[in-house]
Amino acid sequence: MSVHLEVAEGVGTIRLDRPPMNALDIATQDRLGELAAEVTERDDVRAVILYGGEKVFAAGADIKEMQLLDHAGMVRRSRPLQEAFTAVARIPKPVVAAITGYALGGGCELALCADYRIAADNSRLGQPEILLGLIPGAGGTQRLSRLVGPSKAKDLVFTGRMVKADEALRIGLVDLVVPAAEVYEQAHAWAARLARGPALALRAAKESIDQGLEADIDTGLTIERNWFAGLFATEDRERGMRSFVEEGPGRATFLSTTRR
């Protein structure tokens, strides 16, 4: 299997496993979508790590496979491709990308689907599709520009250049840079901390931010208001407030479900 899921103590690791470079062929793309749906539904998964292993995150699409597709073939394939990545982006739980080595093309686009990105100090990221006479097709033109701004996104997409970890951090493409040997450990610590949090409130926060960014401010405020009020019907809200009053902040123990 080119992608598999490992779950332990509330953290699910979606692990790319297609040596040597974790090229994202069609089977891998589809499997990512399937696993995104699985972790969305599983109550024992409260936070998610996207990981390609110690050497490489994902160096992009399988170009040899892609070369065989004509226009009609890619018209049929482009929607399932985007839908698989969108399924990852819409996992209603905290998602962190643990980036080692190369995260290029589809690999970079997969990292963009995460809520937080931790990169190795020797990693390289980029959208080199222009060098093939193409543009990113798995969300890169949209998620990248929303993350780093249109000018920086255009620079990366127009030139196809790779950026080193320090530049990626400077422009906001990644959120934390650590030694390569510590990438997964740091990602797991981030995920494990949030896995102990109030699952439904975390879902509300993620959906409020993500959906609000796609809307005008008034619509965004309505989304926030509805989630905010709705959380007053949850046991986690009762637990959190009771613990705060009786024991002080940061001591509450929350439930383990994201179901409404």
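Predicted model: local features only at pLDDT ≥ 70, side-chain atom pairs only at ≥ 80, totals over all residues.
Two strands count as paired here if DSSP finds at least two bridges between them.

**Stop 1**

Select residues 47-51 and residues 95-99, which are strand 3 and strand 4. Four bridges connect these two strands, and their pairing is parallel. To see individual partners, show V48 of this pair, whose bridge partner in strand 4 is V95. Then show L50, which has A97 as its bridge partner in strand 4.

Within strand 6, I118 stands opposite A98.

**Stop 1: strand 4 on its own**

Go back to residues 95-99 and show side chains. How many of the five residues of strand 4 are buried? Five of the five are, so the strand is largely enclosed by the rest of the structure. The cut-off for buried is under 20% relative accessible area. Both faces of strand 4 are covered. On one side are V95, A97 and I99, and on the other are V96 and A98, all of them buried.

**Stop 3**

Select residues 102-104, 124-126 and 162-164, which are strand 5, strand 7 and strand 8. They make an open sheet of three strands in the order 5-7-8, and the pairing is mixed. Strand 5 and strand 8 are the edge strands; each has a single partner strand, so one side of each is left without a neighbour in the sheet. From one strand to the next, the twist averages 20°.

Look at strand 7 against strand 8: they pair in the antiparallel sense, over three bridges.

**Stop 2**

M21 is in the loop between strand 2 (11-16) and helix 1 (26-41). With a relative accessible area of 33%, M21 is partly exposed.

**Stop 2: salt bridges**

Side chains of opposite charge can pair when their charged atoms come close. The whole structure contains twelve salt bridges; a few are picked out below.

- Select R31 and E34. They form a salt bridge, with the closest N and O atoms 3.2 Å apart. The two residues are three apart in helix 1, and therefore about one helical turn separates them. E34 is partly exposed, at 46% relative accessible area.
- Select D155 and R161. In this salt bridge the closest N and O atoms are 2.8 Å apart. D155 is partly exposed at 30% relative accessibility, and R161 is partly exposed at 29%.
- Select E235 and R239. The closest N and O atoms of this salt bridge are 3.1 Å apart. Both residues belong to helix 11 (residues 235-247), where they lie four residues apart, about one turn of the helix. E235 is partly exposed, with a relative accessible area of 41%, and R239 is partly exposed at 25% relative accessibility.
- Select R18, D25 and D62. Salt bridges that share partners join these residues into one network.

**Stop 3: S208 in helix 9**

Finish by selecting residues 199-213, helix 9, and centre on S208 within this helix. Is S208 buried or exposed? Its relative accessibility is 16%, so S208 counts as buried. To see what S208 touches, show I223, E224 and W227; these are its contacts when residues up to four places away in sequence are not counted.

Conventions. Residues numbered from 1 in each chain as written. Heavy atoms only, no water. Buried < 20%, exposed > 50% of the residue type's maximum accessible area, 1.4 Å probe, protein only. Contact = heavy atoms within 4.5 Å. Axes fitted to C-alpha atoms, helices over the stretch in contact; angles between N-to-C directions. Salt bridge = Lys/Arg side-chain N within 4 Å of Asp/Glu carboxyl O.
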